[in-house]
Amino acid sequence: MKVLIALSTVLCVVLAKDQPRKAIVYLQGTSGVSGNVTISQPSCTEPVFIDINVVGLTPGKHGFHIHEKGDLTDGCASTGGHYNPDKVSHGAPNDQVRHVGDLGNIAADENGIAKTSYSDTVVSLYGARSVIGRAIVIHAEVDDLGKTNHPDSLKTGNAGGRVACGVIGILEPFDEPDSECSSGQQGLLPAAVTVVFSLLLTRSWVL
């Protein structure tokens with residue numbers, strides 16, 4: 001019985017990493033900017049898919065980032081800096097060196113509408129580095145992606161003020177246990193099952 005309980009626990013923890021997760025952000029600002037962002041991830045070893053729909057922007061590009069705090073007590077100002085657990089320099093989404101929260105720019109058309117979607121391999125909805133509970137912020141200016149000589153280029157991309165923000169919340173609830181996600185995750189289940197069944201066979205032989 002104890003072995004069966006152990007097998008059940010292992011399966012529960014491992015399969016939790018393979019369950020899809022989905023988050024949502026309602027964006028609101030003081031200048032008429034509003035919209036929503038959904039973030040979905042099929043499993044902890046796959047990229048997130050980000051879908052963006054924002055209105056009320058000035059035409060052109062705007063910095064678009066995940067910030068470290070989901071704190072809106074002082075509006076967008078209280079969300080802190082870019083989410084940057086590795087303490088590295090600001091960069092473009094495809095750079096080797098970047099903040100986890102560096103999502104580049106979104107482009108608004110002549111009507112102030114920004115509607116786009118893309119995937120990202122650094123952001124995650126799983127484990128200790130999950131972005132759930134943090135904030136997304138849209139900036140007034142274009143993010144220079146850390147490529148200029150401006151003093152703020154390698155910190156914030158010199159993207160200017162904050163025109164809208166929102167907290168990343170859970171869209172589809174999940175009650176499964178969470179744990180660290182690693183690149184070796186996909187091989188964990190067969191190994192765990194092999195170990196537990198080996199224990200079962202050993203126990204049967206002893207009995």
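A disulfide is a pair of cysteine sulfur atoms within 2.5 Å, and the tour begins with such a pair. The model is predicted, so local features need pLDDT of at least 70 and side-chain atom pairs count only at pLDDT 80 or more, while totals for chains, interfaces and linings use all residues. Residues are numbered from 1 along each chain as its sequence is written, and side-chain values use heavy atoms, with hydrogens and water left out.

**The disulfide.** Select Cys76 and Cys165, whose sulfur atoms lie 2.2 Å apart in a disulfide; by the rule above, the count for this model is one. The torsion about the S-S bond is about -95°, so this disulfide is left-handed. Cys76 belongs to strand S5 (residues 73-76) and Cys165 to strand S9 (residues 162-170), so the bond ties together parts that are 89 residues apart in sequence. Both Cys76 and Cys165 are buried, a class that means under 20% relative accessible area, with exposed over 50% and partly exposed in between (1.4 Å probe, protein chains only).

**The whole chain.** Now colour by secondary structure, where helices (H or I, at least four residues) and strands (E, at least two) are DSSP runs numbered from the N terminus. Of the 207 residues, 36% count as buried. With contact taken as heavy atoms within 4.5 Å, 67% of the contacts between residues at least 6 apart in sequence join residues at least 24 apart.

**The sheet.** Next, select the strands in the order S6-S4-S8-S9-S1-S2-S3-S7, which form an open sheet of eight strands with antiparallel pairing; two strands pair if DSSP finds at least two bridges between them. Strand S6 (102-108) and strand S7 (114-120) stand at the edges with a single partner strand each, so one side of each is left without a neighbour in the sheet. Zoom in on Ile50, which stands opposite Tyr118 in S7.

**A loop residue.** Finally, select Asn84, in the loop between S5 and S6. Asn84 has 16% relative accessibility and therefore counts as buried. Its side chain reaches the backbone oxygen of Val88 at 3.0 Å, and the side chain of Asn84 also makes a polar contact with the side chain of His99 (3.5 Å). A polar contact is a pair of N or O atoms within 3.5 Å; within protein, one must be able to donate a hydrogen and the other to accept it, and residues adjacent in sequence count only if both atoms are side-chain atoms.
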